[in-house]
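Please keep the sequence and the structure in view while reading.

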Amino acid sequence: MGKMAAAVGSVVTLAAEPGEDAFRKLFRFYRQSRPDSADLGAVIDFSAAHTARGTGPDARKVIRSQLSVSSVSDHDAHRAGLQPVSKWQAYGLQGYPGFIFIPNPFLPGYQWHWVKQCLKLYSQKPNVCNLDKHMTKEETQDLWEQSKEFLRLKEVNKRRPRSLLEKLRWVTLGYHYNWDSKKYSADHYTPFPSDLAFLSEQVAAACGFQGFRAEAGILNYYRLDSTLGIHVDRSELDHSKPLLSFSFGQSAIFLLGGLKRDEAPTAMFMHSGDIMVMSGFSRLLNHAVPRVLPSSQGEGLPCCLETPLPAVLPRDSVVEPCSEEDWQVCTSYLKTARVNMTVRQVLAIDQDFPSEPTVEKKRDITTEGFCHLDDENSQVKRAKLNPDS
């Protein structure tokens, strides 16, 4: 598919390693890129003054996407912490039908709630995380309480041991993804968070997917040296529904490729508050995150996270207040990290999971799976990290 354009400039001069495909070549280039150089000149920035900025040909592939404004009331958008859909900017890419990029549509301050939920609430039991593989349920019962004092002292003692929250790499919600079998099942389920389900339903409806059901979530917790390997999300039984991705914290580079890895991907920035929707043709494309970018202000937060959450919230809002104490912990964490929430509908209406062997049903979901994030200190081989590779 020639419509998948290759990046230009310094990327072209990067010599391929033996047997290296086009996607892996660009993944390696951006993994090694220098943020303050021309290395990132071909990366599309959807949030730059409502235009897609970039010096390469990929920037010319950007098109405006139409949203279903009437599908989400201003009141429901506000309940989820979002601006009215009429004020959102939405973009697509030529050659990637079904891909929608929405630069930060959140109301000022409302990202605080979702960051706090990822760190404080969603990381708690009965949800499943990578630490369960090596620790008991009692040891991972409340990662926030065990970590908050460590994070508050982060600026004072940089040589302190990492807190459990800083060792967190992924959390699964709803139908828990089995990293070994690469499947979901009815037996591996815990209640999906109602606030995240509501947020996801509004975003899906705005993108033309009324009736979307948030049934599974994978939260990724990135440090500055973390990457997300090349993969395709194909384990959901119903591929007609979109995959929703929400980013918070430090920026990152996202690569969206083709059906095969010999097609060079398009690179784009993901900033705090940005939302990506992958549906239709784009739902089953290779994608990856080769790089988390350190803040240009050193260990600082993106500007959109500096505005506090309003003290008075709508009575029926799914967003909850965030105390200064809690946000202090979140701030300490996010200065060198980012969090990503991906939400999926697993089953079609009236669809059931296929029957499983008895031995599979008896497995403990808290001891399964490998983290699909990698960092420079990881001892787990990348081949085991990528779901649906």
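## Arg213 and Glu215

In this predicted model, Arg213 forms a salt bridge with Glu215, and the closest N and O atoms of the pair are 3.2 Å apart. Arg213 has a relative accessible area of 31% and is therefore partly exposed, since buried means under 20% and exposed over 50%. Glu215 has a relative accessible area of 10%, so Glu215 is buried.

## A network of shared partners

Some salt bridges share partners, and in this way Asp233, Glu236, Arg283 and Arg344 are joined into one network.

## A pair within helix 4

Another salt bridge links Glu149 with Arg152, where the closest N and O atoms are 2.3 Å apart. Both Glu149 and Arg152 belong to helix 4, which covers residues 143–152, and they lie 3 residues apart, about one turn of the helix.

## A buried pair and the overall count

Asp132 forms a salt bridge with Lys125, and the closest N and O atoms of these two residues are 2.8 Å apart. Both partners are buried, Asp132 as well as Lys125.

Taking the model as a whole, the count comes to 15 salt bridges, among them the Asp132 and Lys125 pair, the Glu149 and Arg152 pair, and the Arg213 and Glu215 pair.

Definitions and conventions: Residues numbered from 1 in each chain as written. Predicted model: local features only at pLDDT ≥ 70, side-chain atom pairs only at ≥ 80, totals over all residues. Heavy atoms only, no water. Salt bridge = Lys/Arg side-chain N within 4 Å of Asp/Glu carboxyl O. Buried < 20%, exposed > 50% of the residue type's maximum accessible area, 1.4 Å probe, protein only. Helix = DSSP H or I, 4+ residues; strand = E, 2+ residues; numbered from the N terminus.
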